[in-house]
Amino acid sequence: MHPPHVAERAPGRGVLVSFEGISGTGKSHLTRLVAQYLDAPLLVEEFSSRRTRADLGSRIVSAMAAAADGDRFLRGGCPASETLLLLAVQMHTWETIRAPLHSGRTVLEGRSLHSVAVYQAAALNPRDDTAALQQARALMREATAWRPAPDVTILLTDRVGTALGRAEQRDGRPISAAERAVHERCAHLFTELAAGDPRVRLVDRAAQPDPDSAADLITSWITAARPQPWPSPALEGVPA
């Protein structure tokens with residue numbers, strides 16, 4: 001369904017928006033719907049899908065996928081190294097979207113800093129949820145010393161079984177019990193990490209299953225956002 005109107009923002013820096021959540025919560029579908037409501041946004045696909053392009057970020061992800069040998073979470077047995085590589089991918093994304101943002105364009109980013117923090121914290125702390133949450137927070141602090149957090153983060157939640165059922169249908173590949181356990185942990189970590197963060201907006205797909213209504217709500221949050229300057233010592237001197 002096409003929106004009845006297109007929302008436009010006043011001139012100035014564009015809004016950086018990320019869509020986060022476990023597999024099957026509808027991130028890609030809702031991103032495309034929201035894009036129809038906005039004025040020519042730039043869509044950045046989630047990093048796990050970037051395996052066929054020639055840019056640096058895609059090559060890093062491709063190398064990780066090869067080392068992971070089919071693992072859905074890009075795990076190749078070296079979680080600390082993999083975490084640093086995924087943070088590098090996020091920095092590369094920032095360097096590619098910085099100019100469009102400063103020219104006033106809205107950017108919709110699939111799976112950004114929160115996903116890296118949550119899934120890598122779970123990998124680094126496989127048996128300790130408290131340590132995993134602390135690690136996720138530490139990874140967010142480290143990441144945002146190098147690149148800004150999104151102005152608005154849309155955290156999509158749902159019943160884990162429902163979400164993973166969608167993912168299985170989409171991928172044509174069953175999700176194992178071990179993979180399901182990772183997603184269940186990460187669903188909890190996403191919620192805990194987001195608690196108290198005013199930039200995070202929660203959309204519960206179980207309570208709001210209609211995609212068009214959810215997209216309309218998300219659009220209202222984006223158009224109401226008032227981006228602030230991005231102070232970060234690590235970015236000083238880096239050209240836009």
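Leaving aside neighbours within four places in sequence, C186 is in contact (heavy atoms within 4.5 Å) with I22, V118, Y119 and A122. The model is a predicted one, in which local features need pLDDT of at least 70 and side-chain atom pairs count only at pLDDT 80 or more, while totals for chains, interfaces and linings use all residues. Residues are numbered from 1 along each chain as its sequence is written, and side-chain values use heavy atoms, with hydrogens and water left out.

C186 is also one of the residues with the most contacts inside the largest nonpolar core, together with I22, V118, Y119 and L193, and this core has 37 residues. A nonpolar core is here a set of buried Ala, Val, Leu, Ile, Met, Phe, Trp, Tyr and Cys residues joined through side-chain atoms within 4.5 Å, and buried means under 20% relative accessible area, with exposed over 50% and partly exposed in between (1.4 Å probe, protein chains only). Two or more residues of this core come from each of α2 (56-68), α3 (79-102), α4 (113-124), α5 (129-144), α6 (160-171) and α7 (177-194), and α4 gives the largest share, 7 residues. Apart from this core lies another, of 19 residues, among them A35, A214, I222 and A225. In soluble globular proteins, nonpolar side chains tend to be buried together.

## Fold and the setting of α1

The protein chain has 8 helices and 5 strands, taken as DSSP runs (H or I, at least four residues, for helices; E, at least two, for strands) and numbered from the N terminus. Read along the sequence, these elements follow the pattern β-α-β-α-α-β-α-α-β-α-α-β-α. Among contacts between residues at least 6 apart in sequence, 80% join residues at least 24 apart, and 49% of the 240 residues in the chain are buried.

In helix α1 (residues 27-37), the buried residues are K27, L30, T31, L33, V34, A35 and Y37. These residues pack against the strands β1 (16-20), β2 (42-44), β3 (107-110) and β4 (152-157), and also against helix α8 (211-224).

P79 has its place in helix α3 and is partly exposed, with a relative accessible area of 28%. Leaving aside neighbours within four places in sequence, P79 is in contact with Q120, A123 and L124. The C-alpha atoms of P79 and N125 are separated by 9.7 Å, although the two residues are 46 apart along the chain.

D69 lies in the loop between α2 and α3 and has a phi near 55°, a positive value in a residue other than glycine. R111, in the loop between β3 and α4, likewise has a positive phi, near 45°. D69 counts as exposed at 69% relative accessibility, whereas R111 counts as buried at 7%.

## Surface

The protein chain exposes about 11,600 Å², of which carbon and sulfur atoms supply 54%; accessible areas come from the Shrake-Rupley method with a 1.4 Å probe, and for residues only the protein chains shown count as cover.
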